[in-house]
Amino acid sequence: MNPESRDPRVVVEVLSEALPYIQQFSGKTVVVKYGGNAMTEDTLIDSFARDIVLMKEVGINPVVVHGGGPQIGSLLEKLNIESRFVNGMRVTDAQTMDVVEMVLGGLVNKSIVNLINQCGGKAIGLTGKDGAQIRARQLKVEHKSPEMTAPEIIDIGHVGEVESISTDLIEMLTNRDFIPVIAPIGVDAEGHSYNINADLVAGKLAEALCAEKLMLLTNVAGLMNSEGEVLTGLTTAQVDELIEDGTIYGGMLPKIRCALEAVKGGVVSAQIVDGRVPHAILLEIFTRAGVGTLISDAG
C-alpha cells in the first residue's frame, strides 16, 4: 500500500494503541532470537531490521541472537564436507567448526549488522568468544535403545552448552545506544570453540541480562492445542502441564523448554513468535493482538 493513500486516522489509532506498550518497555531489554523464514525471505528480512531499529528508537534495548543452520549446511555442501546429525544436532569436528565460525561469526552476523545499520540503527556484531562472553562446555549426548543396559555417550565434537554468560560487554554497548548482534559460538577455559543452539543462548542471555522479554522467532504460528488453535497467555504451571500430558512434543518441545526456563530464571515473559508474519516483533510488542504464544509467571 502506498503510504500516501493510508487514512491518517488509522495511523493515529495505531500509534495511540502502541503508546502504553512503549511506556511499559522503554528502558527495558528484549532479547530476540532471529532465525527461520524471517532470516531467508527478503520482505521478512527487511521488516525484521526495521522492527529492531524502531524498538531502539523508542527506548527499548534489543539484543539479537541469530542462528544460521541452513547457511552452514549450504557452505559445507559446497566444500564437499558431509553433514551428519545426532538427535537433530550437527556433528561438528574441527573442520566443520571452522566453517561454522566463518558462517555464523562472519557471513551471517555481518549481514544482519549491515541490514540494521542500513535502516538507521547502530548494530555491532559479536560472537560469544568476544570478551569471553559465553563460556561453554561440550554437550554430552546420550543414546539408549531397549537392548542397552546403560546409555551410550556420543561425542558430537564442538557442540556445546552454556556454562556461564558475562554481560559486561553487551550492557556497555546497549548503554551507548548500540544494538548487539550475537552469533551463538562459545569458548571453554582452554580456548576451544563450540557451536551452541541459538535458542539456548538467547534464553540464557535473557536470564543473565534480567530481560523484560525473550522472543523466539519460529516458522509456526505458536504453540497449538489439539484443535489447531494457538495457545497464548500461558503460565509456567500451565506449560508444565502441557508438557506432561503430551500436548507439547517433537520439535516444539526444546523451544518451549527454553522459554519456560528463561521465565523461571527471572525473565518477565517469553514468547514464541511467528516469524513468517511481516513486522511480527512490533505486532507482538506494541499491539493487543500479538502473533504467537506468550509464557509468563503471572497468575
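## Strand β1

Six of the six residues of β1 are buried, so the strand is largely enclosed by the rest of the structure. Here, buried denotes under 20% relative accessible area, exposed over 50%, and partly exposed the range in between, with a 1.4 Å probe and protein chains only. Strands (E, at least two residues) and helices (H or I, at least four) are DSSP runs, numbered from the N terminus. The structure is a predicted model, in which local features need pLDDT of at least 70 and side-chain atom pairs count only at pLDDT 80 or more, while totals for chains, interfaces and linings use all residues. Residues are numbered from 1 along each chain as its sequence is written, and side-chain values use heavy atoms, with hydrogens and water left out.

β1 runs parallel to β2, to which six bridges join it; two strands are taken to pair if DSSP finds at least two bridges between them. Y34 has H66 in β2 as its bridge partner. β1 also runs parallel to β13, through four bridges, and there K33 is partnered by L216.

## The open sheet

Eight strands make up an open sheet of mixed pairing, in the order β5-β10-β2-β1-β13-β15-β16-β14. At the edges stand β5 (123-127) and β14 (234-235), each with a single partner strand, so one side of each is left without a neighbour in the sheet. β13 pairs in the parallel sense with β15 (residues 269-274) over six bridges, and L217 stands opposite V273 in β15. Helix α5 (residues 168-175) packs on the sheet and touches β2 (61-66), β5 and β10; its direction makes about 150° with that of β10. Such angles run from 0 to 180 degrees between N-to-C directions, the axes being lines fitted to C-alpha atoms, for helices over the stretch in contact.

β10 is mostly covered, with five of its five residues buried. I179, V181 and A183 point one way from this strand, whereas P180 and I182 point the other way. β10 pairs in the parallel sense with β2 over two bridges, where V64 has V181 as its bridge partner. The pairing of β5 with β10 is also parallel, over five bridges, and places I124 opposite P180.

## Nonpolar cores

In soluble globular proteins, nonpolar side chains tend to be buried together. A nonpolar core is defined here as a set of buried Ala, Val, Leu, Ile, Met, Phe, Trp, Tyr and Cys residues joined through side-chain atoms within 4.5 Å. The largest has 42 residues, and those with the most contacts inside it are Y34, F48, I52, I116, I281 and I285. Among the elements that each supply at least two residues of this core are α1 (8-25), β1 (29-34), α2 (42-57) and α9 (280-286). The most is given by α4, with nine residues. A second, separate core of 38 residues includes V162, L231, L242 and I272.

F48 is in contact (heavy atoms within 4.5 Å) with V32, Y34, V64, I112, L217 and I281, leaving aside its neighbours within four places in sequence.

## Aromatic rings

Rings of Phe, Tyr and Trp (its six-membered ring) pair if their centres lie within 6.5 Å; planes under 30 degrees apart count as stacked, over 60 as edge-to-face and the rest as tilted. By this rule there is one aromatic pair. The ring centres of Y34 and F48 are 3.7 Å apart and the planes stand at 5°, so the pair is stacked. Since Y34 lies in strand β1 and F48 in helix α2, the pair ties together parts that are 14 residues apart in sequence. Both Y34 and F48 are buried.

K122 lies over the face of F178, at 4.5 Å from the ring centre. A charge is placed over a ring if NZ of Lys or CZ of Arg is within 6 Å of the ring centre and within 35 degrees of the ring normal.

N195, in strand β12 (residues 193-195), is buried, with a relative accessible area of 14%. Leaving aside neighbours within four places in sequence, N195 is in contact with M97, V100, L104, H158, V159, G160 and P184.

S166 is found in the loop between β9 (160-165) and α5 and is partly exposed, with a relative accessible area of 28%. Not counting residues up to four places away in sequence, S166 touches A132 and Q133.
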